[in-house]
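Here is a short report for a reader who is new to this structure. Please look at the sequence and the model first.

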Amino acid sequence: MRFEMLHSKIHRAKVTDANLNYVGSITIDSHLAKNADLFEGMKVEILNINNGERFSTYVIFGTPSSGEICLNGAAARKVQIGDIIIIVAYGSYEKSELPSYRPTIVMVDEQNKILSIKNEV
């Protein structure tokens, strides 16, 4: 049996842009995304703390160390610039993998710079 578990998250990132006229996705500073163990094309859930919206999209990498968090396409309608969001990725794990299971949790500041990285629930 496989279990869907938290793989990683970026906690309390600030939306820096919203681009309605784009095909879709979330653009994330590549340095931040890689430290959160996110990959281009990876499905993520976006949890908007400001308005309660929850939706799925996929990751594309933005300029490294820019602090960029931009919702593109239809997702741009679900946020406002300045909103605080949580970016969550899930993974599928075998029961035998769970004893060593450690998700990656990245905490960021108001400029989306990394404050800490933990590997724990």
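Alanine 75 lies in the loop between S6 and S7. The model shown here is predicted. Alanine 75 has a relative accessibility of 10%, so it counts as buried. Alanine 74 also has its place in the loop between strand S6 (69-72) and strand S7 (84-94). Alanine 74 is exposed, because its relative accessible area is 63%.

Under "binding site", an unreviewed entry, UniProt lists Thr57, Gly73, Ala74 and Ala75. These residues span 19 residues in sequence, yet no two of their C-alpha atoms are more than 9.9 Å apart, so they gather at one spot.

Serine 25 carries another UniProt feature. The record, an unreviewed entry, gives "modified residue: Pyruvic acid (Ser)" at Ser25. Serine 25 sits in strand S3, which covers residues 25-29. Is serine 25 buried or exposed? Serine 25 has a relative accessible area of 1%, so it is buried. Which residues is serine 25 in contact with, leaving aside its neighbours within four places in sequence? They are Thr57, Tyr58, Ile60, Cys70, Leu71 and Asn72. One of these contacts, Thr57, is also on the "binding site" list from UniProt.

Tyrosine 58 has its place in strand S5, residues 54-62. With a relative accessible area of 35%, tyrosine 58 is partly exposed. Tyr22, Val23 and Tyr58 make up a nonpolar patch on the surface, and together they have about 330 Å² of accessible area.

Next come the aromatic rings. The structure holds one aromatic pair. The ring centres of tyrosine 93 and tyrosine 101 are 5.2 Å apart, and the ring planes stand at 70 degrees, so the pair is edge-to-face. The cut-off for edge-to-face is over 60 degrees. Tyrosine 93 is buried at 15% relative accessibility. Tyrosine 101 is buried too, with a relative accessible area of 11%.

The table gathers the accessibility values.

| Residue | Relative accessible area | Class |
|---|---|---|
| Serine 25 | 1% | buried |
| Tyrosine 58 | 35% | partly exposed |
| Alanine 74 | 63% | exposed |
| Alanine 75 | 10% | buried |
| Tyrosine 93 | 15% | buried |
| Tyrosine 101 | 11% | buried |

The classes follow from two cut-offs: buried means under 20% relative accessible area, and exposed means over 50%. Tyrosine 58, at 35%, is therefore partly exposed.

How values were computed
Residues are numbered from 1 along each chain as its sequence is written. This is a predicted model: local features need pLDDT of at least 70, side-chain atom pairs count only at pLDDT 80 or more; totals for chains, interfaces and linings use all residues. Side-chain values use heavy atoms; hydrogens and water are left out. Rings of Phe, Tyr and Trp (its six-membered ring) pair if their centres lie within 6.5 Å; planes under 30 degrees apart count as stacked, over 60 as edge-to-face and the rest as tilted. Buried means under 20% relative accessible area, exposed over 50%, partly exposed in between (1.4 Å probe, protein chains only). UniProt positions are given in the numbering used here, feature names are shortened, and annotations may be inferred rather than shown by experiment. Helices (H or I, at least four residues) and strands (E, at least two) are DSSP runs, numbered from the N terminus. Contact means heavy atoms within 4.5 Å. Patches are made of residues with over 30% relative accessible area and no salt bridge: like charges are joined within 9 Å, nonpolar side chains (Val, Leu, Ile, Met, Phe, Trp, Tyr) within 5 Å. Accessible areas come from the Shrake-Rupley method with a 1.4 Å probe; for residues, only the protein chains shown count as cover. A salt bridge is a side-chain nitrogen of Lys or Arg within 4 Å of a carboxyl oxygen of Asp or Glu.
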